[in-house]
Amino acid sequence: MAEQIVKVEPVESWELPNTEEVRGHLAQIKSFQSLVHSQLISGRDYGVIPGTKSPTLLKAGAEKMAKLLGLVDEYEILSQVEDWEKPLFAYTVRCLLRAVRMGQLISTGLGECNSMEAKYRWRWLPAWEARAQGIDETTAQVRKVISARGGKQITLLRIGNDDVYSQVNTILKMAKKRAMVDAVLSASRLSDIFTQDIEDLRA
């Protein structure tokens, strides 16, 4: 059998963009960032979460930015755990952002949420109600808060959430929400301004 000779075409070396191209890209980013700041509303579209420094992009802001960019969102559930006996519920979702006009894929993002997160695993109960249910106060985490009515101090006890079943849909939606924020931040190149959506992680 005759030896087959395969011709390999030379690969052009990668080069840094020239100065004018870099300046053009930076100007575009700066212009879009200015547009974003003029359109997003603090407290509704983004906000600074206590204990953090960078503003957190919220769902409303992510949806608004996607519209500004001319993008439409799609979702895929990559993995899911639905154990009704433990109970344990966990979802990993991918958000795909596509251009409205041409349909090409522009960005993707991942989001995960599960019932073991503090927000879903626990609930806070007034101490008097916990005593009525026979809950041992000495083994529970305690939080002192001021009531909205009367301004009196109330003691709350953290107990296991016995109604996580009613939050399954909420947990799935939270995974989708986190995936969208991740995708929008990637598409908009605004990660230096906003952080990933973490307001939902507070217990």
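Mentor: The sheet and its helices

Three strands form an open sheet in the order β3-β4-β5, paired in the antiparallel sense. Strands are DSSP runs of E, at least two residues long, and helices are runs of H or I, at least four; both are numbered from the N terminus. Two strands pair if DSSP finds at least two bridges between them. The edges belong to β3 (71-83) and β5 (105-114); each has a single partner strand, so one side of each lacks a neighbour in the sheet. From one strand to the next, the twist averages 15 degrees.

This is a predicted model: local features need pLDDT of at least 70, side-chain atom pairs count only at pLDDT 80 or more, and totals for chains, interfaces and linings use all residues. Residues are numbered from 1 along each chain as its sequence is written, and side-chain values use heavy atoms, with hydrogens and water left out.

Now the pairing. Twelve bridges join β3 and β4 (residues 88-99), antiparallel. E82 stands opposite F89 in β4.

Helix α5 (residues 168-188) packs on the sheet and touches β3, β4 and β5. Contact means heavy atoms within 4.5 Å. The direction of α5 makes about 145 degrees with that of β5. Axes are lines fitted to C-alpha atoms, for helices over the stretch in contact; angles run from 0 to 180 degrees between N-to-C directions.

Helix α2 (residues 59-68) packs with α5 at about 45 degrees, their axes 9 Å apart. In α2, K59, A62, E63, M65 and A66 meet K177, M180, V181, V184 and S188 in α5.
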